[in-house]
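Welcome! Below is a short tour of one protein model, written for someone seeing it for the first time. Have a look at the structure, then read on.

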Amino acid sequence: MGVPFDFAPERPEHIDAILNGLDRYNPETTQVFQDYVTEQCETKTYDCYANLALLKLRNAVLTVMRLCSYQFNPHLTKDETITNILVKSLTVFPSPDFSLALHLLPPHILTPASASSALPAAGDAPLSEAVQKLNVLNNLLAQASYAAFWSTLDSDDLYADLIADVAGFEELIRIRIALTISQSVREIERAVLESWLGLQGETFDKFVNGVCGWEIEGTVVKVPLNKENEAKGTIVRENVKMEQFSRVIRRAYEQPA
């Protein structure tokens, strides 16, 4: 049986109470959820269910703000919290968490500024740019373009700002990449793996040996056997009943020459 979608062993009791009660829809809990996101970033924990609840709540708040003539308190709409949730969701790829979070954001944030038919509200443009850039990273991970992921991450200072709050972001990404690799190969060229992990030299050796538990033999990295990368023969059996076989012969016999 798979892990339940809302499973998070590190979730505090007060967060669990909010998620399972009517306060989940109370805008006053926004700050509590935002503080929880900050805690996840600092402690390397992750709670997709709570983060999606916050995005859904924020989306509702933004909708009301656009329909009303007054504004809510600024703490209800922190762009930094939104980007932190998206960055955290990248660290658990290839799960669909990033896409789930993305679909809870307002359409005007997801649309590139050049393609938008209407001017965004104040403060939307920076968030829209950040979301677009994080979506680029997500697509590269989804395509297994790991070398391109690291070069893209280093190509713009904005990326450094976006991941700054998430402790151990790069290591978490490397662990997920290594996990994906371990499910598909038994060995890989060192140079290729270096580009995929964005590491070289002693740092590469330390990660591969110490974190992954893999062996480096010359220019090749050996991945231990596991149930995912083990080559297994497949035997295909066809269960053809005698009646089916006889009908085929009868049709062939009855066809005119």
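## One face of helix α8

Helix α8 covers residues 146-153, and its buried residues are Y146, F149, W150, T152 and L153. Here, buried means under 20% relative accessible area, exposed means over 50%, and partly exposed lies in between, using a 1.4 Å probe and protein chains only. Helices are DSSP runs of H or I with at least four residues, numbered from the N terminus.

Viewed down the axis of α8, the buried residues fall within an arc of 165°, so they line one face of the helix. That arc is taken from the directions that run from the helix axis to the C-beta atoms.

A word on the model: it is predicted, so local features need pLDDT of at least 70 and side-chain atom pairs count only at pLDDT 80 or more, while totals for chains, interfaces and linings use all residues. Residues are numbered from 1 along each chain as its sequence is written, and side-chain values use heavy atoms, with hydrogens and water left out.

Rings of Phe, Tyr and Trp (its six-membered ring) pair if their centres lie within 6.5 Å; planes under 30 degrees apart count as stacked, over 60 as edge-to-face and the rest as tilted.

F93 and Y146 make a tilted pair, 6.2 Å centre to centre with 55° between the planes. This pair links distant parts of the chain, 53 residues apart: F93 sits in the loop between α4 (79-90) and α5 (97-102), and Y146 in helix α8. Y146 and W196 pair edge-to-face, at 5.9 Å centre to centre and 75° between the planes. Because Y146 is in α8 and W196 is in helix α11 (residues 190-197), this pair ties together parts 50 residues apart in sequence. Y146 is buried at a relative accessible area of 5%, whereas W196 is partly exposed at 28%.

## The nonpolar core

The largest nonpolar core holds 57 residues, and F149, F169, L193 and W214 have the most contacts inside it. Such a core is a set of buried Ala, Val, Leu, Ile, Met, Phe, Trp, Tyr and Cys residues joined through side-chain atoms within 4.5 Å. Helix α7 (residues 124-142) gives the most to this core, with 7 residues.

Conventions: Helices (H or I, at least four residues) and strands (E, at least two) are DSSP runs, numbered from the N terminus.
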